[in-house]
Amino acid sequence: MPITKDIRYLSSDYQDPSPEQPVRYPPVLKVIRFMFGLFGYIFPKAMARLAYRFFSTPRIRARHKTSDALLESARLFEFMYGRQLLKGYEWGYGGRTILLVHGWESRGTALRTFVPPLVEKGYRVVAFDGPAHGNSDGKRTNLPHFGGAVRAIINQIGGVHGIITHSFGGASTAFALSNLDPSIRVEKLVLIGVPDKMEKVLNNAMETLNVPPPAAREFIRFIEQKVKFPLHYADTSNANISKSVGKVLIVHDETDAIVSIEEARSVFEAWDNASLLIANGYGHYRLMKNPDLIREVADFIHARP
């Protein structure tokens, strides 16, 4: 029986009380851009390595300014990933588990808006702070390394029924399911604001840092040597998840200024088992606060495979 792919638009009258703000870079970035612009031509290899340190190091550790009932009710746990101690959070006691995977410079509890409807439907919900994020160990990470942490927690908690991801967390999860452990089986996968082309991600980073062409070429070469595969191998659309995932829901906002909706369309076109849900007006981060979107995701998770 052929698989039917569909594109839908989120129906929502929700008015976000805190609209998404543009990304603000620290003043020191001007100095960093000047440094790369000057020395990137003279010492391309050295500046490429320095660019990688910037690229793989989260600028901030996401913290909660205030607590709430969901944060207070989480059951805390820890698990080892290599030599790093990672922090985990758990809600509910259902027999089937849903894993939440956060994005870059975020933390596991950032996706806690999905916890109440999932627990209400009888699921156990688990989140974690990835390497170099939140309260977990580590100073730097990258997509394969973060994907390894996704694999580690899935094995730690005894497998999962579904996974809900945001942004970088979605790309890392797709990489983990496609390349790191073929024995993992997931019935439902949700990718919110997911990037596709890794070359585009790196080009955006080099543009932000003002890395000139000689150092940029060394930067790409250095990363490919470090991860031991060409960049396009990690493109989300190239992930072979047909055997490891039952159904996929890709969610993206047309006004996302961080990751273009064309990235979501590219993944949707590449995966036969994917549906695409398009929102408008909520951006890259605030989309996860929309109660109508939260309900759509919970219903997708709970629907029959």
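Arg 75 lies over the face of Tyr 93, 3.9 Å from the ring centre. A second case is Lys 188, whose charged end sits over the ring of Phe 300, 5.0 Å from its centre. To count as a charge over a ring, NZ of Lys or CZ of Arg must be within 6 Å of the ring centre and within 35 degrees of the ring normal.

A word on conventions: this is a predicted model, where local features need pLDDT of at least 70, side-chain atom pairs count only at pLDDT 80 or more, and totals for chains, interfaces and linings use all residues. Residues are numbered from 1 along each chain as its sequence is written, and side-chain values use heavy atoms, with hydrogens and water left out.

Now rings against rings. A pair of aromatic rings is described by the distance of the centres and the angle of the planes. Rings of Phe, Tyr and Trp (its six-membered ring) pair if their centres lie within 6.5 Å; planes under 30 degrees apart are called stacked, over 60 edge-to-face, and the rest tilted. The structure holds twelve aromatic pairs. One of them is Phe 36 with Phe 54, edge-to-face at 5.9 Å centre to centre and 70 degrees between the planes. This pair links distant parts of the chain, 18 residues apart: Phe 36 is in helix H1 (residues 29-42) and Phe 54 in helix H2 (residues 44-56). Helices (H or I, at least four residues) and strands (E, at least two) are DSSP runs, numbered from the N terminus.

Buried means under 20% relative accessible area, exposed over 50%, and partly exposed in between (1.4 Å probe, protein chains only).

Phe 79 and Phe 128 have ring centres 6.2 Å apart and planes at 65 degrees, so this pair is edge-to-face. It too links distant parts of the chain, with Phe 79 in strand S2 (residues 75-81) and Phe 128 in strand S5 (residues 123-128), 49 residues apart. Phe 79 is buried at 3%, and Phe 128 is buried at 0%. Ring pairs join Phe 79 and Phe 128 with Phe 77, Trp 104, Phe 146 and Phe 168 in a cluster.

Next, the loops. Ser 183 is in the loop between helix H6 (168-180) and strand S7 (186-192). Ser 183 is exposed, with a relative accessible area of 60%. Its side chain makes a polar contact with the side chain of Asp 181, at 2.4 Å. A polar contact here is a pair of N or O atoms within 3.5 Å; within protein, one must be able to donate a hydrogen and the other to accept it, and residues adjacent in sequence count only if both atoms are side-chain atoms.

Ala 234 is in the loop between helix H8 (213-227) and strand S8 (245-253), and is buried at 8%. What does Ala 234 touch, not counting residues up to four places away in sequence? The list is Leu 143, Phe 175, Asp 196, Met 198 and Phe 229, where contact means heavy atoms within 4.5 Å. Ala 234 and Phe 175 are 59 residues apart in sequence and 6.5 Å apart in space, C-alpha to C-alpha.

Last, the whole protein. There are ten helices and nine strands. Buried residues make up 52% of the 305 residues.
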